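Here is a short walk through a protein model.

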Amino acid sequence: MVTLAEVARHAGVSASTVSYVLSGKRPISSVTRLLVEQSIRELGYHPNAGARALASSRSNIIALMVPLRTGMYVPVMMEIAIAVATTARTHGYDVLLLTGEEGPEAVRRVTGSGLADAMILMDVELDDERLPLLRSTDQPSVLIGLPADTSGLTCVDLDFKATGALCVEHLAALGHRDIAVIGEASAVYERHTGFAERTLAGIRSRARESGIRVLHRPCDGGYDAMAAVLTRILDERPGTSGFVVQNEQAVEPLLALLRRQGRAVPEDVSVVAICPEQVAVQASVRLTSVSIPAQEMSRQAVERLVAKIEGRGTDEVLLIAPELTVRASTGSAPWHVDR
């Protein structure tokens with residue numbers, strides 16, 4: 001393992017000069033800096049993380065809290081986690097992934113142990129029990145999600161309320177007057193998870209303004225669960241001609257069940273999904289959808305967190321505007337639908 005002293009000998013400078021080049025604590029001439037940087041590259045030197053942390057009082061680690069709980073679509077969570085890690089590396093930070101359902105205890109553990117310089121929290125609830133502790137600490141943090149009260153917090157998220165409204169606007173413009181919302185698993189709503197609650201609020205608000213009837217039913221995912229939910233919807237509202245799906249695991253079962261019932265998409269029934277782009281384009285019918293901007297949310301969250309670590313950031317809320325892409329799953333409401 002190459003040492004700092006070996007780098008110094010190779011570059012023909014003192015060990016302290018190499019240290020100053022690495023830490024930036026003192027000005028070093030451009031010629032000397034280039035010599036040291038060249039020696040570091042040629043020798044493959046990597047500063048000792050423990051020593052660097054002691055010297056700078058920083059770990060250069062960001063804690064990412066991703067509680068893997070019931071009802072969550074893990075591929076989306078992992079896509080965001082990977083994007084956070086990739087962006088963090090461009091700023092010189094590694095990511096510590098915390099997946100347990102520890103709540104405030106996880107925040108307390110990170111802030112009290114020096115495990116990380118800062119935190120990013122995901123799966124944010126409207127009244128998230130982690131937030132009082134987060135507000136009481138000086139450690140920088142950013143939420144990927146939106147609680148009911150954002151005071152004293154920095155939050156980045158897709159504007160899910162606008163997303164729900166946009167889905168209703170699209171179906172309304174096509175003449176649909178009875179819309180069913182196939183939501184996340186029941187546990188997601190029981191926790192009052194922010195993105196699900198806000199989507200539903202946007203759907204209901206725009207539906208009232210547009211004179212559209214809305215029926216919302218959670219779905220635990222899978223064919224059998226979707227079959228039971230669809231049967232219930234069509235029993236209660238047989239004139240339903242538009243579906244908004246915010247549940248990736250329910251997409252393909254819904255399309256299969258509609259085919260089995262002889263309901264053509266989009267001639268008889270229209271389907272709009274709120275899901276990752278990959279899910280929409282790989283479905284058996286290419287879905288009109290609002291995509292989840294995982295890469296953009298992650299980039300914005302990390303950049304705001306790094307600014308806070310460096311003393312440049314301020315508390316703010318960034319909501320990314322939704323974009324609806326029209327594909328093969330939506331069309332005009334059928335003339336024979338009961339109004």
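The crossing of α1 and α3 is right-handed, meaning that the near helix is turned clockwise from the far one by less than a right angle. This is a predicted model, in which local features need pLDDT of at least 70, side-chain atom pairs count only at pLDDT 80 or more, and totals for chains, interfaces and linings use all residues. Residues are numbered from 1 along each chain as its sequence is written, and side-chain values use heavy atoms, without hydrogens and water.

Helix α1 spans residues 4–11 and helix α3 residues 30–43 (helices are DSSP runs of H or I, at least four residues, numbered from the N terminus). Their axes lie 9 Å apart, at an angle of about 120 degrees (axes are lines fitted to C-alpha atoms over the stretch in contact; angles run from 0 to 180 degrees between N-to-C directions). From α1, Glu6, Val7, His10 and Ala11 make the contact (heavy atoms within 4.5 Å).

A second pair is α8 (residues 160–173) and α10 (residues 194–210). Here the angle is about 40 degrees and the axes are 6 Å apart. These helices are therefore oblique to each other. The crossing of α8 and α10 is right-handed.

The largest nonpolar core has 46 residues (buried Ala, Val, Leu, Ile, Met, Phe, Trp, Tyr and Cys joined through side-chain atoms within 4.5 Å; buried means under 20% relative accessible area with a 1.4 Å probe, protein chains only). Helix α14 (residues 294–309) gives the most to this core, seven residues.

Methods:
Buried means under 20% relative accessible area, exposed over 50%, partly exposed in between (1.4 Å probe, protein chains only). Helices (H or I, at least four residues) and strands (E, at least two) are DSSP runs, numbered from the N terminus. Angles under 35 degrees count as roughly parallel, over 145 as roughly antiparallel, 65 to 115 as roughly perpendicular and the rest as oblique.
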